[in-house]
Structure formats: C-alpha cells, structure tokens
Amino acid sequence: MNYELKKMSFKDKLLSSYIALEDYLEFDSPLHDVRNNAIKIFEEKGFPTKKEEAWKYTSLNSVLKPDYSVYSNKERNIELKNVRKYFLHEIDTYKLVFVDGVYNSFLSETTHDSLDVCLMSSALNKSKYKPVIEAYFNKVAKNDSLTALNTAFTKEGAYIHIPAHKEVEKPIEIINFSTGNEAAMFLQPRNLIVVGENAHVQIIERHQSLSSNEVLTNSVTEIFAEKRAYVDYYKIQNDEATASMIDNTYISQERDTVCRVHTFAFGGNLVRNNLNFYQKGEHCDSTLKGITILEGKQHVDHNTLVHHIAPNCESHQDYKGLFAESSIGVFNGKIIVEKDAQKTDAFQQNNNILIDDKATINAKPQLEIFADDVKCSHGCTIGQFDEEALFYLRSRGIGLKESRALLMYAFANTVLESVKIPELKVRINKLIANKIGVSLGFEL
Amino acid sequence: MLKIKDLYAGLEGKDILQGINLEVKAGEVHAIMGPNGSGKSTLASVVAGKEEYEVNRGYITFENQDISELDPEERAHKGIFLSFQYPVEIPGVSVTNFIKTAINETRKAKGKEDMPASEMLKMIKEKADMLEIDRKFLSRSLNEGFSGGEKKRNEIFQMAMLEPKLAILDETDSGLDIDALKIVANGVNRLKSKDNAVVVITHYQRLLDYIVPDFVHVLMNGKIVKSGTKELAYELEEKGYDWIKEELV
C-alpha cells in the first residue's frame, strides 16, 4: 500500500492535497471559485513538458521527481545570526520573511503605517482588504498551469499596498527561507503588490535554502503599477545547488509608469523565470535586465514577455550571461506589439559568453509586431572571451584568472550600473566576485 | 637586456618573422621601422607573449633568461611593457582601478604587499600631471570612448606607473596630433634612464624627432634588413623603402 502511494505522481499528490486543503477554505469567499477554476486548469494541463514551445529547452522532469512535502504548518525557528548575511543589513528595510512558507514575525519588519507591508494570509482573511483583493488578485496572472497551481494553493506571501503619492522611504525585502527540515519541500509563495498613483517603491526578493535538502519553489508575484507609479524590483537568485525555482512574475502597467526588474541568477539547480510585462496605458517604460553566471550543471531559463498594448511606450531588455562548465542557459524573449501600440520603442539585447566548451546557451528572440510605426530592435550574441582584451590585461601583469574576472565585470557592467540601491550593488558585486572566485580589491 | 636570436614566429604554422636578430641593451633606444605588413607589430606581440603566435625557431632572452615559454603576465612582472597600437576598451573598469590592479598584481607576483593607497594616489597624481592628464579622465572607463590620442596617452600613463625595464611602443604616434605627440614623447624621455630601454615601432620618422633613437632597424618581410643610426630614419623618410628593396636585390 505504501509502495502504491510512493508511486503516485507529483501531480496526483497535489490534486489530492487540494481536496484536503478545501476543507480549510473560506467557502463563501469569491476566492474559492478562483481556486477551483485554477486547480481545474492545472488538472487539465499538468506540468509543462518540452513538447510545449515555451518549454522546449527546459525540462521539469528531474525536479518533479523527489517526494515533496506540500504543506509545512510548523513554525520553524531560525536564528538571526545564521541568516543575517542574506538581508541587506547595511541599511534599514521593511522585511517580510517566510520560513518554509510560514511567516516569521521575529525576522520581519512589517508596517500598516501609511502603507501596507504585510501578509497575503491576512489580506485574504480580513474584510478591510477585501476590495483590494477583489480588484487585483489573480487579475494579471496568466492561466498557465504553473500559475494556476499556485493560485489554487494560495496561502501565504507578501501583500504590499502603497497608497497614491507615497514614496516609500526604504526598500522592502521579501525573503523566503527553506530549512529542509522536511526531506524535500514544495513551496508556493504568492505575492501581491499594488503601487498606487504616483507612488514609488523598491523591492528586493530572495529565496534561500538553508540546507542541502531538495526544494522546489513555484512562486507567483503580481505587481500593479497605477498611473505614474515607479517600481524598482530586484530578484536575487543565488540559492543552493539543491534548490530549484519557477518564478512567475506579472506586471501590469498603467499610463506613465516606470517598472524595472533586475534578475541576478547566480545559483540554484534549475531556475525558470517567467517575467511578463503588460503595458496597458500610454508612455509606459519597462526595463528587464539580468546577469546570469552559471557553473556545474546549473540551468537557468529566462522567459520574458513584453506586451505592448498601448501606444508611445518603451521597453528595454538587457540580459548578460556567462556560462561555465556544463551549465545551460536559455533566453527566450518575446515582444508583442499590438496594432494600437504605435510609436512603440522596444529594445532587446542578450549577450552570452561560453566560458567552457561544454556550456550551452539557447537564445531565442521572438518579435510579433502588428503595428506599422514602431522601433523594435534586438541583438543576440554568443561568444568567447575576447583574446585581444585578455592579452591586453595580461600584458599589464594581471594574471589570466584575474583578467578573465575583469572582463566578466566589464561584460556585466551595463546591467550592474543600473542598480539604484548602492548597498545592493556592492552586495551583487561581492556575489559576482564569489561566483567567479576572484576578489579584485575594488568595487565597480 | 633583450636578446632575440634567429627568431622565426607566426600564426598557424606560417612564419611572419623569419630570422630576427636583435639586441637591446640597458640605456638604449631602438627604433624599428618598416612598411605595412613587414612584421613590426608581430615582433612586439611575440616579445610581450601573445599566445596565438607560435615561436618555431630561435629564442628570446630577457636579462639572460629565456622567456619564450613565459605567460604575458610573467613577462610583464619581469619588466616588459607593450604600449598597444589599438588599446582595448574595458567598460566599467576605471583607469585608476585598472592601474591599481596591474600594479598590485605585479607586486603580488614578486611577493610584495599591495602598494599603500596614499602612495598609489601620490604616484597617480604625479604621473598624470607629467602627461598633462586631467584627473576626471582617470575615473572614466578604461579606453571606452577615448579618442585615439587619449588612448595613446593612457598607454604611456600606464607605462609611467608600471616603470618597466623594457618598453615597446607600438605605433604610439599614430592618432596623435603634434602637441599630444610632444607630451607623450616628453613623458617617455623623462622615464628613460641608463637602466631601462625603449623600442619604438613606427611607420614615420616624425616621432623620432622627439624620442631620439640610438639605433634604427628596418624590418621587411619578417627580417631586419638594415640597421643604422638615427640618420637612417631621415633617409627612409626622404626616400621611402623602395631603395632598400633595390639594395637587397
């Protein structure tokens, strides 16, 4: 009998877990229908396979194998001194900290004072948040199977609501720790971020495994930028080699908004970033930038979408990748320009360096343009280190390893230089130095 | 200081240099002239250790040690400096940070501590002033968006900072107007001493009015076909290279 249970697929396990979850749910809530619809979508579609165009270069098979525990209701204690390094502790920040998917009040610093930085669980349960939940929850997220799976199980995550004209004075950190106390763990954080008219916010998101047990995270973040809002979002992916993640981020931009997402992908086993921007009003500005540095058998897949729906908008994409050993990178950047989105200026750049012969990069720009008066450009390069540049540096007495490191910095610099939080920039510099195993004795 | 003996070197099995013999002693200035494609830059790169070139015969010694098998950085640590004809742009790394890294890497290779920051700063200021380099220039990304003249001046600045025993200046005069040329030449002359040596590679005699050579060599088809004193440079300027070809026949 036990044997039979073990043979159950992860999909079946999730479906039966949902039935158990339903018993705890708010039956009268409109959310209940959303969940039921979502689980149906997941049941129908299942996990994506390589047969789907968007998943051609990334297979989830290996990360779906472990016998993940789907719930962890026990509150785990972790000591600040052990995890302090994962916080941007050099400056004051708001903090939303989750341990194995459960909110940790001890490590967090929330607020309801002129803005809400709090929990999805309380937003879902308290009536005062009901109008916001009803207006925004699951309104920009796509109905693909992984997002639907997250929606069905929505329980905890960050709930951030910035009222109109509020300039948040310090960054907000969202940190998801996993302790690995369960043998293998499946986590599904769900974040909702609503940035009011003319409000400004900076957010840093990080996922960190604290053990070598396997973790799979299927995260969904919805961000709504009301007109003239400014959102600056940083994703730091520097997790353990046993941690895998599927990140689904959806950004809805009203007119005159600026939204920027930087993704620093240095760690983890398998990471899939589904980053989607929807420009719904005129004069939107979207920035998607990333630095990916991989080694070993790491696999990182950036799947971006910029959907130009309204006219006179801009988008800027700049992804830099450095791939060592037998690591695999994927960049699949899709730009859709609708018929009405005249005067769109869409730019996409993806540059890759293969450090070793066994490393792989699959790059696929996709442009679907239905308007006639637009400026769209994309450039993709795959190369090795510039031998002439290496010789130049070495001829000045700088060793091969350090010279390569300098060239990596130089290569990644166009992304790094647009990080607007100085302390974060220093941190990322250090992460890069660690990752490439060289300290250059200066910050860029 | 530098001895090149019967050197054959080139790319993919094809020798560009075909039996070079050259000796440069401490305190000397040598000029190597020659038409395009004669192998001047190849010679400079081979001495500095560019890996894509294969040395097929002969050897290069520096201070009586065979350096043919050494990495470029090891040659730099020994005191060989090459001023590039086309310096490479390195975005995101400032001139100052670059030179600091180069100096401290060289010190590290010699088992020395990093140069104290105050000393480094003083030296940077002194050398920048000597070459009339604006302080703002030093915080710009290395060679990125530099004019031809700025790139060359920056090469000489690096030379001034690294204080090499042997400096090879590859077409340092190209891209320089007369004022910049004077500043650069003046910088090189001030760095000159009885303990170091300079090899100037150039197409034109112009630079040699300011950096006066003790010896002039003519390189043609990968061989030094004629050597002489600075008067040879004037003769070449006046008559071109054809008369040497005729002489050789």
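Strands here are DSSP runs of type E with at least two residues, numbered from the N terminus. Keep in mind that this is a predicted model.

**View 1. Glu338(A) sits in a loop between two strands of chain A.** The loop links strand E17 (328-337) to strand E18 (345-354) of chain A. Once you skip the neighbours within four places in sequence, Glu338(A) is in contact with His308(A), Ile309(A), Phe370(A) and Ala371(A). His307(A) is 31 residues away along the chain, yet its C-alpha atom is 7.7 Å from that of Glu338(A).

**View 2. Strand E17 of chain A pairs with E15 and with E19.** On one pairing, strand E15 (residues 299-308) of chain A runs parallel to E17(A), joined by ten bridges. Look for Val300(A), whose bridge partner in E17(A) is Gly329(A). On the other pairing, E17(A) and strand E19 (residues 360-369) of chain A are also parallel, again with ten bridges. Here Phe331(A) stands opposite Ala363(A) of E19(A). E17(A) is mostly covered, with seven of its ten residues buried.

**View 3. Chain A, taken as a whole, has eleven helices and 20 strands.** The C-alpha trace spans about 70 × 55 × 45 Å along its principal axes. A compact globule of 444 residues would have a radius of gyration near 22 Å, and chain A agrees, with 22 Å. Buried residues account for 49% of chain A. Among contacts in chain A with a separation of 6 or more, 82% join residues 24 or more positions apart.

**View 4. The largest nonpolar core holds 177 residues.** Which of them touch the most other members? Those are Val195(A) and Leu406(A), together with Ile168(B), Val198(B) and Val200(B). Helix H10 (residues 400-416) of chain A gives the most to this core, with ten residues.

**View 5. Chain B meets chain A through 26 of its residues, in contact with 21 residues of chain A.** On the chain B side, the elements giving two or more residues are helix H2 (72-78), strand E7 (90-94), helix H3 (95-109) and helix H6 (148-162). H3(B) gives the most, with eight residues. By type, this side of chain B splits into 13 nonpolar, seven polar and six charged residues.

Terms used: Residues are numbered from 1 along each chain as its sequence is written. Chains are lettered from A and ligands numbered from 1 in the order in which they are written. This is a predicted model: local features need pLDDT of at least 70, side-chain atom pairs count only at pLDDT 80 or more; totals for chains, interfaces and linings use all residues. Two residues are in contact if their C-beta atoms, placed from the backbone, lie within 7 Å. Helices (H or I, at least four residues) and strands (E, at least two) are DSSP runs, numbered from the N terminus. Ala, Val, Leu, Ile, Met, Phe, Trp, Tyr, Cys and Pro count as nonpolar, Asp, Glu, Lys and Arg as charged, and the others, Gly among them, as polar. A nonpolar core is a set of buried Ala, Val, Leu, Ile, Met, Phe, Trp, Tyr and Cys residues joined through C-beta atoms within 7 Å. A residue is buried if 20 or more other C-beta atoms lie within 10 Å of its own, exposed if 12 or fewer, and partly exposed in between; C-beta atoms are placed from the backbone. The radius of gyration is taken over C-alpha atoms; the globule rule is 2.2 Å times the number of residues to the power 0.38. Two strands pair if DSSP finds at least two bridges between them.
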